[in-house]
Amino acid sequence: MDGEKAKVATRLIRRINTTYLARILGVDCVEETYFPCEDEVGYVCITEGKEVCSMKFSDLTPLEDRITAMLVIIRIEHGNHSEGKGGSTP
């Protein structure tokens, strides 16, 4: 039973992480895939049914670095649509 609880906890943590990432990145959803043979984690960011960013990271890459990299790619490809002051023009 402990193994099954660990699997459920891992799925729940991944779901929370992807929901949190979607809010930070300003996309509709984030899909996460773990590649155990490569020891990498892949993310696909989706907005309005279209992929806006897809990246793979080493499992050792800190979450903060993953977020920064994905934000940069999304802003380069799609502009900064923030309504706050100080943002770059779309």
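Student: Where does Arg 14 fall on the scale of relative accessibility?
Tutor: Arg 14 counts as partly exposed, at 35% relative accessibility. On this scale, buried is under 20% relative accessible area, exposed is over 50% and partly exposed lies in between (1.4 Å probe, protein chains only). Do keep in mind that this is a predicted model, where local features need pLDDT of at least 70, side-chain atom pairs count only at pLDDT 80 or more, and totals for chains, interfaces and linings use all residues. Residues are numbered from 1 along each chain as its sequence is written, and side-chain values use heavy atoms, leaving out hydrogens and water.

Student: OK, so which residue does Arg 14 form a salt bridge with?
Tutor: With Glu 32, the closest N and O atoms being 3.1 Å apart. A salt bridge here is a side-chain nitrogen of Lys or Arg within 4 Å of a carboxyl oxygen of Asp or Glu. Arg 14 sits in helix α1 (residues 2-25) and Glu 32 in strand β1 (residues 29-35), so the pair ties together parts 18 residues apart in sequence. Helices (H or I, at least four residues) and strands (E, at least two) are DSSP runs, numbered from the N terminus.

Student: How many salt bridges does the structure hold?
Tutor: There are 4. One of them joins the side chains of Lys 56 and Glu 38, at 3.0 Å from N to O. Lys 56 belongs to strand β3 (residues 50-58) and Glu 38 to the loop between β1 and β2 (40-47), so this pair also ties together parts that are 18 residues apart in sequence.

Student: Which residues are linked with Lys 56 in a network?
Tutor: Glu 38 and Glu 40 are linked with Lys 56 through salt bridges.

Student: And what ring does the charged end of Lys 56 sit over?
Tutor: The ring of Phe 35, at 4.2 Å from its centre. The rule asks for NZ of Lys or CZ of Arg within 6 Å of the ring centre and within 35 degrees of the ring normal.

Student: Switching to cysteines: how many disulfides does the count give?
Tutor: The count is 0, with a disulfide taken as a pair of cysteine sulfur atoms within 2.5 Å.

Student: Is Cys 53 buried or exposed?
Tutor: Cys 53 is buried, with a relative accessible area of 3%. Cys 29, by contrast, is partly exposed at 29%.
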